[in-house]
Amino acid sequence: MPAHTEPYANVLETIGWTPLIRINKLTQGIRTPVYAKAEFFNPGGSVKDRIGVAMIEAAEREGRLRPGGLIVEATSGNTGVGLALAAAVKGYRCIFTMPDKMSQEKARLLRALGAEVIITPTAVPPDHPENYILKGRAIAAAHPNAIFADQHYNPVNPEVHYRTTGPEIWEQTTGKVTHFVCAPGTGGTVSGAGRFLKERNPKVRVVAGDPLGSIYTEYARTRQKTEGHPYKVEGIGGDKIPTSLHWDVIDEWIAVPDKDAILSVRRLAKEEGLFCGGSTGVNLVAALEVARRVDDPQGLVVTVLCDTGERYLSKVYNDEWLRENQILETERVTVARVLEAKNSGAPPLISVAPTATVRQALNLMSTYNVSQLPVLDGGDGVGAVSEPALMAKALEQPATLDQAVQEVMDGPFPVVDADLPLERLTALLSRETPAALVRRDGRIAGIVTRYDVLHQLAGIH
Ligand SMILES: Cc1ncc(COP(=O)(O)O)c(C=O)c1O
């Protein structure tokens, strides 16, 4: 089916009619088909392009916004992009307030589109004047010919999804959709599209994913506003109750931890070639759970790929950030790992008896190309010898070569447990202590030298 066969008058005409794409790999073992509405295909890279132009045009129609006017919004970024695109085409000025937990990329993008961005603190209560929404509202009130787009409370937001997103999903699935799974931020998408689909077929179940920490899931159950706690996924969940979120449309809530959401959206990029942000991860986890439960090849789960992953390169797609936020565990390399990685072809532990001669010890070191040896007596480390020290002694006094090792040896190498973290061993080793014996299951199982540790750290095997 060819798309874009006609030229467009401007970029705004390209918003919507995003593709519906089947999820193939993440669904392995699940019989219910799962499809995703790829909203990152919109020109601004997110689902929010739909509401940007719609809110502006509604304000124009109502006479609240006249040529040369100002558009203000409190936005985590994507709505700003949608508004800024439309403002650019239509010639309006934009000011956006944005909480500081949001990606730097998003603020830069808004500025690139000609908007002014004011960053506000995330960690303030919703009624604090520095809260991004109250601040945005105050800026709009202080300017003539200005609107506060107000996505959380603007009825145009769910309405545009009722008019566009919902009908598109209905047509693209030829009315076969059985479940619509979508996490609300403002609630516009799930409320508008969900309501449309239910009107077409009252059997359609609407399921809302919600980041763990958001107050929505609890509010849906008790109608009580709770405190909530911070979470990392951007653009969805909330700490206030927006009117663009229509609670009656949603049949079920699924709370999703940051870690599950982020790991699943990273898989989506690697395994399906669909590169999206963290909120998409919440949608995916919830959609897969629904599909697993439905367990019916005749079912059809539709979820939403909210925005492009390019907006999260410094976060969701940055391993360091994930480790800092305990989303990826730092792999604990142990001494045992170093021992296993030793790949010299030599037996794991070359040692000499205290009664062996210095000559035998030097021979052994030369055969196995090692520069030190532990001296073991009945499985216990009783001393150590090193090639440079023995050579120096033998050169000074050739008779040393026939002496027993125990007469010339240095003190034993320290003994460490195989599951000791590597960094603890690194701290122990020095020029004076070039190696340690490794104890596993109560016996000495090998030796790890400074050289081995260096190889491990440098990733040489
Ligand atoms: C990245 C992202 N995903 C999802 C959403 C949720 O969409 P809605 O506000 O329509 O509920 C938003 C909204 O802010 C968003 O920015």
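Which residues does E271 touch, not counting residues up to four places away in sequence? E271 touches K25 and L26, where contact requires C-beta atoms, placed from the backbone, within 7 Å of each other. The views below place this residue in its setting.

The structure is a predicted model, in which local features need pLDDT of at least 70, side-chain atom pairs count only at pLDDT 80 or more, and totals for chains, interfaces and linings use all residues. Residues are numbered from 1 along each chain as its sequence is written.

**View 1. E271 and its surroundings.**
E271 lies in helix 8, residues 258-272; helices (H or I, at least four residues) and strands (E, at least two) are DSSP runs, numbered from the N terminus. Because E271 has 13 C-beta neighbours inside 10 Å, this residue counts as partly exposed. The term refers to other C-beta atoms, placed from the backbone, within 10 Å of a residue's own: 20 or more make it buried, 12 or fewer exposed, and a number in between partly exposed. I23 is 248 residues from E271 along the chain, and the C-alpha atoms of the two are separated by 9.6 Å.

Buried in helix 8 are D258, A261, I262, S264, V265, R266 and L268. Just after helix 8, G273 takes a positive phi of about 70°.

**View 2. The shell around the ligand.**
Among the 19 residues around the ligand, those that come nearest are G185, T186, G235, S279 and C306; a residue is near a molecule if its C-beta atom, placed from the backbone, lies within 6 Å of it. Helix 2 (78-90) and helix 6 (188-200) each supply at least two residues of this shell, and the largest share, three residues, comes from helix 6. By class, the shell has five nonpolar, 11 polar and three charged residues. Ala, Val, Leu, Ile, Met, Phe, Trp, Tyr, Cys and Pro count as nonpolar, Asp, Glu, Lys and Arg as charged, and the others, Gly among them, as polar. The ligand lies between domain 1 (11-46 + 155-324) and domain 2 (49-148), because both give residues to the shell around it.

**View 3. Domain 1 against domain 2.**
The protein is divided into domain 1 (11-46 + 155-324), domain 2 (49-148) and domain 3 (335-458), with bounds from an automatic or database domain assignment. The C-alpha centres of domain 1 and domain 2 lie 23 Å apart. In this interface, 26 residues of domain 1 are in contact with 21 residues of domain 2. Helix 5 (residues 156-172) gives the most to the side of domain 1 that touches domain 2, with six residues. That side of domain 1 has eight nonpolar, 12 polar and six charged residues.

**View 4. Two loop residues with positive phi.**
N369, in the loop between helix 12 (358-368) and strand 11 (372-377), has a phi near 55°, a positive value in a residue other than glycine. With 9 C-beta neighbours inside 10 Å, N369 counts as exposed. D441 is placed in the loop between strand 14 (435-440) and strand 15 (443-449). Phi of D441, another residue other than glycine, is positive and near 50°. D441 counts as exposed because 6 C-beta neighbours lie inside 10 Å.

Technical notes:
Contact = placed C-beta atoms within 7 Å.
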